[in-house]
Amino acid sequence: MANVISDETIEYVGILAKLELTGEEREKAKKDMADMLDYIDKLGELDTEGVEPMSHVFATGNVMREDVVTNGDGSKAALANAPLLSDEGDTYVVPKTVEG
């Protein structure tokens, strides 16, 4: 079954895709689209009786791993480089930059 793509269809697809096609590109696009539709028609001829519908050809599943902390909290090491710490020793002390 040969699908025929009209010039209007190619024009419409070009507008949707925001493409400016030359005459030669339009003819190639028409042929390519017709070939794709012919292939889809051919796939429709396959006997799929008893075949489970699927969304992917490979078996998919959740492949989550256990969330394990491997490097820990690096705050002590980061604070060790501070020139000045708060009285509690858990935050940086920086010069005031906003008057208020």
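Buried means under 20% relative accessible area, exposed means over 50%, and partly exposed lies in between (1.4 Å probe, protein chains only). The structure is a predicted model, in which local features need pLDDT of at least 70, side-chain atom pairs count only at pLDDT 80 or more, and totals for chains, interfaces and linings use all residues. Residues are numbered from 1 along each chain as its sequence is written, and side-chain values use heavy atoms, with hydrogens and water left out.

**Exercise 1. Classify glutamate 27 and lysine 30, then describe their contact.**

Step 1. Take glutamate 27. Its relative accessible area is 45%, so it is partly exposed.

Step 2. Take lysine 30. Its relative accessible area is 18%, so it is buried.

Step 3. Apply the salt-bridge rule: a side-chain nitrogen of Lys or Arg within 4 Å of a carboxyl oxygen of Asp or Glu. The closest N and O atoms of glutamate 27 and lysine 30 are 3.7 Å apart, and the two form a salt bridge.

Step 4. Helices are DSSP runs (H or I, at least four residues), numbered from the N terminus.

**Exercise 2. Find the lysine partners of aspartate 32 and aspartate 35.**

Step 1. Aspartate 32 pairs with lysine 28 in a salt bridge, at 3.2 Å from N to O. They are four residues apart in helix α2, about one turn.

Step 2. Aspartate 32 is partly exposed at 32%. Lysine 28 is exposed at 53%.

Step 3. Aspartate 35 pairs with lysine 31, at 2.7 Å from N to O. This pair also lies in helix α2, four residues apart, about one turn. Aspartate 35 is partly exposed, with a relative accessible area of 36%.

Step 4. Count. The rule gives five salt bridges.

**Exercise 3. Locate valine 13 and name its surface patch.**

Step 1. Valine 13 belongs to helix α1 (residues 7-16).

Step 2. Its relative accessible area is 33%, so valine 13 is partly exposed.

Step 3. Recall the patch rule: residues need over 30% relative accessible area and no salt bridge; like charges are joined within 9 Å, nonpolar side chains (Val, Leu, Ile, Met, Phe, Trp, Tyr) within 5 Å.

Step 4. Accessible areas come from the Shrake-Rupley method with a 1.4 Å probe; for residues, only the protein chains shown count as cover.

Notes: Helix = DSSP H or I, 4+ residues; strand = E, 2+ residues; numbered from the N terminus.
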